[in-house]
Amino acid sequence: MTGIIRFYETGGPDVLRWESTEVGEPGRDEVRLRHTAVGLNFIDVYERSGLYQVPLPATPGKEAAGVVEAVGARVKHLQVGDRVAYSSGQSGSYAQARVMAADRLVKIPDNIDDNTAAAAMLKGLTAQALLRQVYKVRKSDALLVHAAAGGVGSILVQWARHLGATVIAVVGSAAKADVARELGAQHVLLSDDDWVAQAKAITGGRGVTVAYDSVGKDTFMGSLDALRPRGMMVSYGNASGPPPAISPLELSKRGSLFLTRPTLFHYISTRPALARAAQELFDLIGRGVIKVQIGQTYPLSDASRAHADLEARRTTGSTVLIP
Ligand SMILES: NC(=O)c1ccc[n+]([C@@H]2O[C@H](COP(=O)([O-])OP(=O)(O)OC[C@H]3O[C@@H](n4cnc5c(N)ncnc54)[C@H](OP(=O)(O)O)[C@@H]3O)[C@@H](O)[C@H]2O)c1
């Protein structure tokens with residue numbers, strides 16, 4: 001038997017229940033994993049709350065690290081005992097063990113521990129997609145990064161600095177401002193202040209090249225206002241609620257802006273794309289260029305408390321659930 005989190009109805013953190021279940025044998029293209037560390041992500045909250053619809057009952061979770069326990073007949077790249085991690089569109093990582101598609105798994109290099117891998121797979125691959133694929137960041141770029149002390153944000157800031165860009169971070173508290181500065185952001189603004197005017201002033205009145213906005217409802221229009229003509233609005237999350245529906249005219253009147261709404265899984269949908277992005281991420285973590293910030297851990301059975309803290313903006317960096 002294995003412990004697993006399930007929810008039978010959408011709602012607040014208390015809909016998450018700790019139960020036990022049997023884990024079956026893997027199919028031909030699958031493996032069975034014993035999880036050692038599970039990553040918490042805001043998308044888990046969207047699915048639990050009903051903002052993103054999933055069939056019920058459901059087990060949340062799209063990120064974890066673990067050890068391979070059994071291998072399907074057609075799986076060639078993995079064997080029993082391998083340490084692996086994943087970021088998968090298929091939920092179900094809030095469990096002590098699971099069966100899953102083998103082609104979503106990557107081996108964890110020896111110099112990276114399991115907690116780090118679980119904290120960085122989905123969030124780090126998101127940073128890779130945002131900085132290297134959605135828009136190819138250059139040294140001359142000024143970037144606005146919301147929730148800069150958060151899970152994705154803390155990796156995004158360090159990676160953007162490594163690429164030579166100017167990072168203007170926006171955070172929700174003075175304590176998080178200290179975190180963003182330590183991560184390397186050259187400018188740190190508070191979300192309660194007039195961060196649009198401040199970002200404009202920092203860029204000599206022009207505006208930023210790219211706005212990475214994961215907050216959504218509360219910041220979306222401000223992020224558009226902070227962009228320079230032909231700037232790129234990357235709306236990649238809804239932590240405060242979904243962004244407003246806007247007319248394309250809002251983009252033209254602010255200077256022919258670009259708008260994209262990327263989802264990680266469209267950028268790592270093939271095995272080569274996943275392997276390339278993961279290698280780039282692991283290389284930067286292995287060389288110490290990116291230091292994955294694990295701000296807090298919780299027992300997996302206490303996932304509801306972790307959700308409550310994430311939603312209340314009480315967490316910094318990544319959160320890891322221990323099975
Ligand atoms: N598109 C994709 O493929 C993709 C992939 C991964 C993640 N994401 C998105 O990236 C964002 C970050 O994810 P994460 O897991 O790393 O979470 P996180 O950034 O660690 O946590 C969310 C942060 O958002 C900020 N926030 C601002 N207003 C908020 C509000 N009303 N309620 C809650 N939080 C608020 C808070 O930081 P402050 O207190 O500093 O404001 C909070 O700590 C999420 O929006 C997520 O959906 C998107």
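How many bridges join strand E11 to strand E12? Strand E11 (residues 208-213) and strand E12 (residues 227-235) run parallel and are joined by 5 bridges. The model is predicted: local features need pLDDT of at least 70, side-chain atom pairs count only at pLDDT 80 or more, and totals for chains, interfaces and linings use all residues. Residues are numbered from 1 along each chain as its sequence is written, and side-chain values use heavy atoms, with hydrogens and water left out.

**Sheet**

- Six strands are listed in an open sheet of 6 strands with parallel pairing, in the order E10-E9-E8-E11-E12-E13; strands (E, at least two residues) and helices (H or I, at least four) are DSSP runs numbered from the N terminus, and two strands pair if DSSP finds at least two bridges between them.
- Strand E10 (187-190) and strand E13 (258-260) stand at the edges with a single partner strand each, so one side of each has no neighbour in the sheet.
- On average, neighbouring strands of this sheet are turned by 15 degrees against each other, direction ignored; axes are lines fitted to C-alpha atoms, for helices over the stretch in contact, and angles run from 0 to 180 degrees between N-to-C directions.
- Tyr212 has Val234 in E12 as its bridge partner.

**Helices on the sheet**

- Helix H2 (residues 114-134) packs on the sheet and touches strand E8 (142-146), E11, E12 and E13, where contact means heavy atoms within 4.5 Å.
- The direction of H2 makes about 145 degrees with that of E12.
- Helix H5 (residues 195-202) lies across E8, strand E9 (166-171), E10, E11 and E12, and runs at about 160 degrees to E10.

- Phe42 and Tyr46 form a tilted pair, 5.3 Å centre to centre with 50 degrees between the planes.
- Because Phe42 and Tyr46 are 4 residues apart in helix H1 (residues 42-49), about one helical turn separates them.
- Tyr46 is buried at 7% relative accessible area, whereas Phe42 is partly exposed at 23%; buried means under 20%, exposed over 50% and partly exposed in between (1.4 Å probe, protein chains only).
- Tyr46 also forms a tilted pair with Tyr52, at 4.8 Å centre to centre and 55 degrees between the planes.
- Tyr52 is partly exposed, with a relative accessible area of 28%.

Conventions: Phe/Tyr/Trp six-rings, centres within 6.5 Å; stacked < 30°, edge-to-face > 60°.
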